[in-house]
Amino acid sequence: MIAFSNHTEYITISASTDSLRTIREFISSQIEDCGFTEFEENGIVLAVDEACANLIAHAFAHDASQSIEILVAVDDRDVRIEISDTARPFDPGTIEHPNMDDYFRERRVGGLGISLMRRVMDDVVYKPATQGQPRNTLVLTKRLAG
Amino acid sequence: MNHFSALVRQEPNDICIIDLSGYLDAHTASDLEKIFLTAYDGGCRRFVVNFTDLDYISSAGLGVFMVFIEAVKRENGDIKMAAMKPKVFTVFDLLGFPVLFNIHTSVEDAVNAYPAP
């Protein structure tokens, strides 16, 4: 049975890989019982982990004094997760989606987080900071089936 | 509290079994890389990675295996995976990793898949 409720919650975490477990537990607690399958729930948690791990490593260079804000908004159609930061803009969409045959042939390492995000989420949209909105925001959306 | 551990067991037939447990993510992947490197530097080329107690993996964890697979295969070794929980297998599968890595249902199957040295 689906014990559904509209809600919006957010957390602010330090830009350290030490925070990844806290992030996963937060996302997991927000999306459980919303009507997603276990497979979908695992994918959403993974996508947020990958997005934050990229930010921590590439945008913040593991500077734990910096922070990342994560907002989760659930309604009867979808879950929307907004991951925002004040680092130099880093659009994951500019990273080339690797052809996996080439990837394995060339034994590349890394760069797979974006692929995972795109595979498990319905939409991945990046909004760089502007004068009116000083935070970069990555918006991940997963729609509820049916 | 330690959220991840990787322990190496030396087995007959020159096989090293790495028992994973917990959560393998961008925070803990460096621990696994160090353990792999120590075993590799110690001469191991025939790896079996036991996923029985691993509850989570992200792409950072997969990246560790990519670091070593070419080197061990070049020397007639391999990294064989065993006993993954479905949610862990899904991450490998989403990225097509079963093309590159042999994934077995049990540690015993993975060990037996190595020919005699």
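In chain A, 5 strands make up an open sheet, ordered E1-E2-E3-E5-E4, with antiparallel pairing. Strands (E, at least two residues) and helices (H or I, at least four) are DSSP runs, numbered from the N terminus, and two strands pair if DSSP finds at least two bridges between them. The edges of the sheet are strand E1 (7–14) and strand E4 (123–127) of chain A, each of which pairs on one side only. On average, neighbouring strands are turned by 15° against each other, direction ignored; axes here are lines fitted to C-alpha atoms, for helices over the stretch in contact, and angles run from 0 to 180 degrees between N-to-C directions.

The model is predicted: local features need pLDDT of at least 70, side-chain atom pairs count only at pLDDT 80 or more, and totals for chains, interfaces and linings use all residues. Residues are numbered from 1 along each chain as its sequence is written, while chains are lettered from A and ligands numbered from 1 in the order in which they are written.

E1(A) pairs with strand E2 (residues 67–74) of chain A over 8 bridges, in the antiparallel sense. Within E2(A), Val72(A) is the bridge partner of Glu9(A). Helix H1 (residues 20–31) of chain A packs on the sheet, where H1 touches E1, E2 and strand E3 (78–85) of chain A, and its direction makes about 15° with that of E2(A). Contact between two residues requires their C-beta atoms, placed from the backbone, to lie within 7 Å.

By that criterion, 21 residues of chain A are in contact with 22 residues of chain B. On the side of chain A that touches chain B, two or more residues each come from H1, helix H2 (38–59), helix H3 (100–105) and helix H4 (113–120) of chain A. H2(A) gives the largest share, 7 residues.
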